[in-house]
Amino acid sequence: MRCCSLKLYFFNNNSEDSMARLDIVIFGATGFTGKAAVIELVKLIKKYPGMTWGVAGRSEKKLQDMMAEVSNKTGEDLSGIDVILADIKDEQSLKDMCNQAKVIANCCGPYRLYGEPVVKVAIECQTHYVDVSGEPQFIETMQLKYHKQAEEAGVYIISACGLDSIPNDMGVIFLEKNFGGILNSVESYISADIPDELKKEANKHGIIHYGTWESLVYSIANKDELGPLRKQLYPEPMPKFKPTLQKRSFIHKYNGKWCVPFGGADVSVVYRTQRYLYEVEHQRPAQFSAYIAIGSLCQTIGLILGFSVVSLMSKWECTRRLLLNHPKLFSAGMLSREGPTEEVMNATSFAVNLYGEGWAEGTDVEGAPNRKVEVKVSGKNPGYGATVVCLLLSAVTILKEKSNMPARGGVFTTGVAFKDTKLINQLIMNDVVFEIIQGSTKTS
């Protein structure tokens with residue numbers, strides 16, 4: 001053990017030059033998502049010989065215990081992996097961490113509370129940054145405050161590299177590349193499925209970890225920030241393109257399931273990508289709407305009523321504290337502090353179906369749309385399996401394909417950062433599947 005600062009210790013059993021930066025450091029590695037990322041990286045790293053990595057967090061004991069658990073679970077000797085102490089409240093420790101990494105994979109949320117110090121220091125240290133935030137206020141604030149600084153530093157700051165929002169953001173990019181014409185609009189339907197035999201276990205232990213609940217509550221509580229924030233970010237609206245994508249009824253049926261609008265970050269992320277493509281690359285932007293397919297009408301109404309209660313209670317500190325202290329009660333058993341069991345997570349599947357409409361190649365865009373193409377993005381364990389695969393492959397793509405990313409750094413969406421890279425192909429090779437269901441058979 002050697003001391004790097006008064007409040008940070010760096011454990012390095014490697015024989016390599018200690019001044020060389022590690023390729024990837026997972027910050028917040030002892031959290032639920034962070035540990036899942038460590039387990040996945042142990043498997044993934046075998047495909048990239050010579051790539052180096054480490055873990056970081058504020059508790060030496062928790063980090064060591066987590067690494068021992070992961071070593072036991074994976075059967076891999078992790079004694080040579082670097083372990084860094086870094087505390088979100090100690091800027092110097094964050095600097096020491098970032099100075100030892102090429103890319104920080106930040107799993108320490110809620111990002112509204114803990115994300116900005118890491119982004120700020122990463123830019124100062126010229127370290128690239130990825131996270132799995134699904135919090136629009138945080139994501140858009142980072143673009144507003146730090147894009148210019150990141151650009152000048154040549155650093156990529158890329159949020160929403162998990163299930164918020166790679167399936168939809170990169171899914172629209174995949175659809176555009178495979179459409180065989182000009183894409184006008186996309187409707188997305190998100191669904192998940194748990195086998196019947198595991199639903200009892202899922203009800204007992206939940207299907208989502210507490211950290212996601214905490215992020216959701218704070219996002220809802222501060223949703224009024226988004227309007228003024230977006231006016232600062234984009235003072236001028238984009239021109240209207242016709243035909244206009246009409247919103248569906250608030251409750252409607254799709255493929256036998258009842259659906260409602262999806263309230264996550266995906267719509268805002270896709271909008272930012274499409275706006276960039278319009279303003280910078282002069283490409284016609286695709287209009288986008290997202291919905292979540294729930295199931296029965298009773299389940300759908302129950303979800304709406306539950307969300308309404310959470311939205312109301314999020315407004316005041318005293319009731320917000322009740323929500324945070326009793327997640328299982330107020331989420332009808334969907335969330336828990338211990339998180340879902342491995343069996344439930346690994347058996348849960350997800351699908352994002354994106355329905356694109358536009359004009360076939362060579363067709364006059366002033367006429368009625370005459371082409372439809374469907375893309376499906378699917379996989380297993382959406383919250384803590386596919387999400388960390390997306391996160392880690394985003395980090396790897398920065399390391400391997402900077403020449404195919406925007407020439408200068410900045411705060412970008414995944415669609416902007418990775419549209420010309422092989423990220424989608426890498427995701428497909430790691431069980432996050434992008435496929436054309438009908439229409440164009442052109443490959444990406």
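Predicted model: local features only at pLDDT ≥ 70, side-chain atom pairs only at ≥ 80, totals over all residues.
User: Is α1 roughly parallel or oblique to α2?

Analyst: Two packed helices are described by the angle between their axes and the distance between the axes. For α1 (residues 32-44) and α2 (residues 60-74) the axes are 10 Å apart and the angle is about 45°. Because angles under 35 degrees count as roughly parallel, this value makes α1 oblique to α2.

User: Is the crossing of α1 and α2 left-handed or right-handed?

Analyst: The angle of about 45° between α1 and α2 leaves the sense of the turn to be stated separately. For α1 and α2, the crossing is right-handed.

User: At what angle do α5 and α6 cross?

Analyst: In α5 (residues 116-124) and α6 (residues 136-153), the axes come within 10 Å of each other. Glu116, Val119, Lys120 and Ile123 in α5 meet residues in α6 that include Phe138, Met142, Tyr146 and Ala153, and by class this contact has seven nonpolar, one polar and three charged residues. α5 and α6 are therefore roughly parallel to each other, with a crossing at roughly 10°.

User: How much space lies in the largest cavity?

Analyst: Rolling a probe the size of a water molecule over the atoms shows where empty space is left. The structure holds one cavity of 30 Å³ or more, and the lining of the largest cavity includes Ile139, Ala160, Arg272 and Phe412, with α11 (266-281) and β17 (410-412) as the elements that give two or more residues to it. The lining residues divide into six nonpolar, two polar and one charged, and the space in the largest cavity comes to about 50 Å³.

User: Which helix supplies the largest share of the lining of the second largest pocket?

Analyst: The second largest pocket holds about 640 Å³ of space, and of its 25 lining residues the closest to its centre are Lys43, Asn346, Asn381, Tyr384 and Gly385. By class, the lining has 11 nonpolar, five polar and nine charged residues. At least two residues each come from α1, α2, α15 (342-347) and α16 (382-400), and the largest share, seven residues, belongs to α1.

User: Where does Ala160, with its positive phi, lie?

Analyst: Most residues other than glycine have a negative phi, and most peptide bonds are trans. Ala160 has a phi near 60°, a positive value in a residue other than glycine, and Ala160 is also among the residues that line the largest cavity. Its place is in the loop between β8 and α7.

User: Is the peptide bond from Lys242 to Pro243 cis or trans?

Analyst: Pro243 lies in the loop between α10 (226-233) and β11 (252-254). The bond from Lys242 to Pro243 has omega near 0°, and its state is cis.

User: What is omega for the cis peptide bond from Asp164 to Ser165?

Analyst: Ser165 lies in the loop between β8 (156-158) and α7 (166-178). The bond that joins Asp164 to Ser165 is cis, with omega near 10°.

Key
Residues numbered from 1 in each chain as written. Heavy atoms only, no water. Axes fitted to C-alpha atoms, helices over the stretch in contact; angles between N-to-C directions. Helix = DSSP H or I, 4+ residues; strand = E, 2+ residues; numbered from the N terminus. Parallel < 35°, antiparallel > 145°, perpendicular 65-115°, else oblique. Left-handed = near helix turned anticlockwise from the far one by under 90°. 1 Å grid on protein atoms, 1.4 Å probe; cavity = no way out; pocket = protein on both sides within 12 Å on 5 of 7 lines; lining within 4 Å. Points joined across faces, edges and corners; volume = space filled by probe spheres on them. Nonpolar A, V, L, I, M, F, W, Y, C, P; charged D, E, K, R; others polar. Contact = heavy atoms within 4.5 Å.
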